[in-house]
Amino acid sequence: MITLARVDERLIHGQVAYAWTKAYPSDAIIVVDEEAAKDKLQRSLLEMACPRNMKCFIADVTKSVELLKKYANKKIFLVTKHPKTYFEIMCQGIEMKAINVGGIYFKEGREQLTNTVFVDHETRSVLKELHERGVYLDGRTTPSDAELDLFTKL
């Protein structure tokens, strides 16, 4: 069972490792990132950032789907850099009810939606497609923030 699916370009950091995992208790974190899955140094750093009481997996989309199916009876926290990754996971049969979009940071060519969410045309399109598929887009930066339906900002 997915406890939280989060988009955060920093993947696992203090806020994810402590605030979000306390608000959404989970048995494991799955970082879904093609680059990190292939890079031993990135994998090692992400594993060190994971709370000690949680299992940590760093996987590409295909492997993350396998893990989600294998551990369907466990509480799983997902984090990835891009909303498109969740679209790809859904295309492989995993249901998403809600995605927390909290950390897509400023880069040239991106438009600001919230304090910590900046999107380009492609990301905006993916978010709209996710919404059209019935996924609630939660725009909170931290779990203590007031709820924000990010679709209203698109």
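Colleague: Which residues does Y71 touch, not counting residues up to four places away in sequence?

Modeller: Y71 touches M1, F57 and I76 when residues up to four places away in sequence are not counted; contact means heavy atoms within 4.5 Å. This is a predicted model, in which local features need pLDDT of at least 70 and side-chain atom pairs count only at pLDDT 80 or more, while totals for chains, interfaces and linings use all residues. Residues are numbered from 1 along each chain as its sequence is written, and side-chain values use heavy atoms, with hydrogens and water left out.

Colleague: Where is the place of Y71?

Modeller: Y71 is in the loop between α4 (61-70) and β4 (76-80). Helices (H or I, at least four residues) and strands (E, at least two) are DSSP runs, numbered from the N terminus.

Colleague: Why does Y71 count as partly exposed?

Modeller: Y71 counts as partly exposed because its relative accessibility is 25%. Buried means under 20% relative accessible area, exposed over 50%, and partly exposed in between, with a 1.4 Å probe and protein chains only.

Colleague: On to the sheet. In what order do the six strands come?

Modeller: The order is β3-β2-β4-β1-β5-β8, in an open sheet with parallel pairing. Two strands pair if DSSP finds at least two bridges between them. At the edges are β3 (55-59) and β8 (136-138), each of which pairs on one side only. From one strand to the next, the twist averages 25°.

Colleague: How many bridges join β1 to β5?

Modeller: Three bridges join β1 (residues 2-8) to β5 (residues 98-103), and these strands run parallel. Within β5, V101 stands opposite V7, and N100 stands opposite R6. Three bridges also join β5 to β8, again running parallel. There, N100 stands opposite D138 in β8.

Colleague: How many residues of β5 are buried?

Modeller: Five of the six residues of β5 are buried, and the strand is mostly covered.

Colleague: Now the helices. At what angle do the axes of α5 and α6 cross?

Modeller: The axes of α5 (residues 83-91) and α6 (residues 121-132) cross at roughly 40° and come within 9 Å. Axes are lines fitted to C-alpha atoms, for helices over the stretch in contact, and angles run from 0 to 180 degrees between N-to-C directions. Angles under 35 degrees count as roughly parallel, over 145 as roughly antiparallel, 65 to 115 as roughly perpendicular, and the rest as oblique.

Colleague: Which residues of α5 and α6 meet?

Modeller: From α5, P83, K84, Y86, F87 and M90 meet E122, T123, V126, L127, E129 and L130 of α6. Seven residues of this contact are nonpolar, one is polar and three are charged. Ala, Val, Leu, Ile, Met, Phe, Trp, Tyr, Cys and Pro count as nonpolar, Asp, Glu, Lys and Arg as charged, and the others, Gly among them, as polar.

Colleague: And what about α4 and α5?

Modeller: The axes of α4 and α5 come within 10 Å and cross at roughly 55°, and the two helices are therefore oblique to each other. The contact is made by V61, S64, V65 and L68 of α4 and T85, E88 and I89 of α5.
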